[in-house]
Amino acid sequence: MSSTLPRRLFVAGAAASALIVAACGQQAQQRNGIWAAGSSTVFPFATRVAENFGRNFPDGAPPRVEALGTGGGIQAFCQGLGPTTPDIANASRRLKASEFDQCAENGVTEIIEIKIGYDGLAIATARTGSDFVLEGGDLFLALAKEVPGPNGELIPNPNRTWAQVRAGLPDVRIQVYGPPPTSGTRDSWNELAMLHSAELVPALAALAESDPDRFESVAQTLREDGGWVDSGENDNAIVQTLTRTPGSVGVFGYSFLEENFGQVKPASVNGVFPTLETIASGDYPISRSMFIYVKKAHIGVTPGLQDFLIEFTSEAATGRGGYLQDRGMVPLPAEERAAQRAVAANLTVMSRPEE
């Protein structure tokens, strides 16, 4: 985990300053407060739960939540057991089999997986800018490092404006600010947006058939000439960049779109705008699930950890009209919410992921 990664830290309660000092160095003593680290998308939801938990369970140190990106949080989580590692990894994608194996190698052998809700990836621009109506292979042709040339061969992406991608798109420079490789949002973007967009480019159909691995690599390799700009884990900074840079586009979680709707507006994708309803129904194509991963070995060791899980999966938090929906989370269906509450109550351990 790079020490240069942008990081956001939240600590609930009056003991915040002391814990912030501890967060800046190695924790040398036994920790008695809950520690969650990971996805910047899950961060606002986890901090809201931490606030509520701190009010309802005032004994002990307040929870600490860090935004390191999904990859950074899982890496820290998988380093082993004990007070110098997080109790919880926040993730905007499922744990990978390779990460599960890394955890096991370091003694983290019992992991509880809890799905907390859905989020959509918004493609947004300044509210004063042009409207973007995206469809088919637009995203791939705008943002891939290599695209099909006149004879079907792969060439460096020549498109400099959106209008060059397809007539009818704004005639503005392609400049998209989005999540870095360490972020689960980047993983979701590559899979849900870039890969699916590439599948709709006719010239790539033969490659997808003849060499699926090569097709996937081409589809998910973003351009490095300034058309795509890695923008750290601070989605609020992307929003501010859009308002200062006319014609620029940003990629971030739906919750940040909702929070900043007065400043930015979404693009439609294949005729659908991101809303609570379209994300929950799956009609909006760039949507995903959010998770928290918990070390069972830390239950009963870190005070209040299971109570925190129960709060996180409560109807008051993740149900329809719950306080996390107010922050932009799209709730799971009622039956699935009940299943996730049972996982938290019974401390059910996950199986190894297939991929």
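I take helices as DSSP runs of H or I with at least four residues and strands as runs of E with at least two, both numbered from the N terminus. I am working on a predicted model, in which local features need pLDDT of at least 70 and side-chain atom pairs count only at pLDDT 80 or more, while totals for chains, interfaces and linings use all residues. Residues are numbered from 1 along each chain as its sequence is written, and side-chain values use heavy atoms, with hydrogens and water left out.

**Entry 1: helix α7**

The areas themselves come from the Shrake-Rupley method. Setting aside residues up to four places away in sequence, I find leucine 192 touching Pro285, Ile286, Ser287 and Arg288, contact being heavy atoms within 4.5 Å. I also noted that 22 Å separates the C-alpha atoms of leucine 192 and aspartate 225, which are 33 residues apart along the chain.

Asparagine 190 belongs to helix α7 as well, and with a relative accessible area of 10% this residue is buried. Beyond its neighbours within four places in sequence, asparagine 190 is in contact with Leu195, Gln220 and Leu222.

**Entry 2: helix α3**

Which residues of α3 are buried? I list Thr70, Gly72, Gly73, Ile74, Ala76 and Phe77, that is, six of the eight residues in a helix that spans 70–77 and is mostly covered. Among the elements against which these buried residues pack are α7 (184–199), β5 (111–126) and β14 (287–295).

**Entry 3: salt bridges**

I count a salt bridge where a side-chain nitrogen of Lys or Arg is within 4 Å of a carboxyl oxygen of Asp or Glu, and the structure holds 17 of them. In one, the side chains of arginine 288 and aspartate 119 meet at 3.1 Å, N to O. This pair links distant parts of the chain, with arginine 288 in strand β14 and aspartate 119 in strand β5, 169 residues apart. Arginine 288 is buried at a relative accessible area of 5%, and aspartate 119 is buried at 0%.

I then followed arginine 166, whose salt bridge with glutamate 135 has its closest N and O atoms 3.9 Å apart. Glutamate 135 sits in the loop between β6 (133–134) and α5 (138–143), and arginine 166 in the loop between α6 (162–165) and β9 (176–178), 31 residues apart. Glutamate 135 is partly exposed at 40%, and arginine 166 counts as partly exposed at 24%. Arginine 166 also meets aspartate 138 in a salt bridge of 2.9 Å, N to O; aspartate 138 lies in helix α5, 28 residues apart from arginine 166. Aspartate 138 is buried, with a relative accessible area of 4%.

**Entry 4: a charged patch**

Where does negative charge gather on the surface? I find a patch of Glu191, Asp211, Asp213, Glu216, Glu354 and Glu355, patches being made of residues with over 30% relative accessible area and no salt bridge, with like charges joined within 9 Å and nonpolar side chains (Val, Leu, Ile, Met, Phe, Trp, Tyr) within 5 Å. Of these, I looked up glutamate 354, which lies in the segment after α15 (334–346) and counts as exposed because its relative accessibility is 81%.

Notes
Accessible areas come from the Shrake-Rupley method with a 1.4 Å probe; for residues, only the protein chains shown count as cover. Lys and Arg count as positive and Asp and Glu as negative; His and the chain ends are not counted. The place of a charge is taken as NZ of Lys, CZ of Arg, CG of Asp or CD of Glu. Buried means under 20% relative accessible area, exposed over 50%, partly exposed in between (1.4 Å probe, protein chains only).
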